[in-house]
Amino acid sequence: MRVIAGSARGTKLTTLPGEEITRPTIDRVKEAMFSAVQFQLPGANVLDLFAGSGQLGIEALSRGARRCLFCDQDAAAAAVVQANCRAAGVFADSKVVRMEASALLAATKERFDLVLLDPPYRHGILQQILPAVARVTQPGGIVLCESELEAQLPDEVEGLVLQKQYKYGTVRVSRYQKQDEEDEA
């Protein structure tokens, strides 16, 4: 697994063995995700929820994001994220927290321009967490959700509107955009 573009291009990233804790995003899916948001990345405040190895947030930082908050509840995963941020040269622009995703979303006062979601598959986590994600997403902000093809995601949730879905083999990427308050009225 490596960073595919930007200032850290080619940096090899470490992941935990097996897929019980982390499941790396394949390069073609990662490239498609970031091609869809390339113009929103410069200067963005990013949240990488369910960070795993941190590859998605590191990719965002490598491509010009200003800052990334990484969250994973697993101690070993959080340690790998920190090591990968150092290896990619983005540690100064990173904050890694070890806590449960919904607890972070309930506690944070930050608002994010880009939220990256790649939770464990087949647990209905995306459907449960999207309302809380909507509350921390800036108006005009983007949420990218990686899921299994069978996942049933809403067309709209608390101002997040589904813009497009992309299919890559057994993976679906759903792109939401947060509507401006005046657009919601």
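This report describes the fold, the charged contacts and some individual residues of a predicted model.

## Overall fold

The protein contains 6 helices and 8 strands. Read from the N terminus, the order of these elements is α-β-α-β-α-β-α-β-α-β-β-β-β-α. The radius of gyration is 15 Å, close to the 16 Å given by the globule rule for 185 residues, so the protein is as compact as a globular protein of that length. Along the principal axes, the C-alpha atoms fill a box of roughly 45 × 35 × 30 Å.

Of the 185 residues in the protein, 52% are buried. When contacts between residues at least 6 apart in sequence are considered, 64% of them join residues at least 24 apart.

## Surface and charge

The protein exposes about 8500 Å², and carbon and sulfur atoms supply 49% of this area.

Helix 1 covers residues 27–36. Its buried residues are Val 29, Lys 30, Ala 32, Met 33 and Phe 34. The cover over these residues includes helix 2, strand 4 (112–117), strand 5 (137–148), strand 7 and strand 8 (171–178).

Tyr 168 belongs to strand 7. With a relative accessible area of 16%, Tyr 168 is buried, because the cut-off for a buried residue is under 20%. Leaving aside residues up to four places away in sequence, Tyr 168 touches Arg 28, Val 29, Ala 32 and Val 173. Two of these contact residues, Val 29 and Ala 32, are listed among the buried residues of helix 1. Tyr 168 and Glu 148 are 20 residues apart in sequence, and their C-alpha atoms are 9.8 Å apart in space.

## Salt bridges around Lys 30

The count for the model comes to 8 salt bridges. Lys 30 takes part in a salt bridge with Asp 27, where the closest N and O atoms are 4.0 Å apart. Lys 30 and Asp 27 are 3 residues apart in helix 1, which means that about one helical turn separates them. Asp 27 is partly exposed, at a relative accessible area of 29%, whereas Lys 30 is buried, at 0%.

Lys 30 also forms a salt bridge with Glu 59, with the closest N and O atoms 3.9 Å apart. Lys 30 lies in helix 1 and Glu 59 in helix 2, so this pair ties together parts that are 29 residues apart in sequence. Glu 59 is buried, with a relative accessible area of 0%. A network of salt bridges links Arg 2, Asp 27, Lys 30, Glu 31, Glu 59 and Arg 63.

## Arg 135 and Glu 158

Another salt bridge joins the side chains of Arg 135 and Glu 158, at 3.1 Å from N to O. The pair links distant parts of the chain, 23 residues apart: Arg 135 is in helix 5 (residues 125–136), and Glu 158 is in the loop between strand 6 and strand 7. Arg 135 is partly exposed, with a relative accessible area of 48%. Glu 158 is also partly exposed, at 42% relative accessibility.

The loop that holds Glu 158 runs between strand 6 (156–157) and strand 7 (160–168). The backbone of Glu 158 has a phi near 45°, a positive value in a residue other than glycine.

## Positive phi at Phe 50

Most residues other than glycine have a negative phi. Phe 50 has a positive phi of about 60° although it is not a glycine. Phe 50 is placed in the loop between strand 1 (45–49) and helix 2 (55–62).

Is Phe 50 buried or exposed? At 19% relative accessibility, Phe 50 counts as buried, because the limit is under 20%. Glu 158, with its positive phi near 45°, is instead partly exposed at 42%.

Terms used. Residues numbered from 1 in each chain as written. Predicted model: local features only at pLDDT ≥ 70, side-chain atom pairs only at ≥ 80, totals over all residues. Heavy atoms only, no water. Helix = DSSP H or I, 4+ residues; strand = E, 2+ residues; numbered from the N terminus. Rg over C-alpha atoms; globule rule 2.2 N^0.38 Å. Buried < 20%, exposed > 50% of the residue type's maximum accessible area, 1.4 Å probe, protein only. Contact = heavy atoms within 4.5 Å. Areas by Shrake-Rupley, 256 points an atom, 1.4 Å probe, with all protein chains shown as cover.
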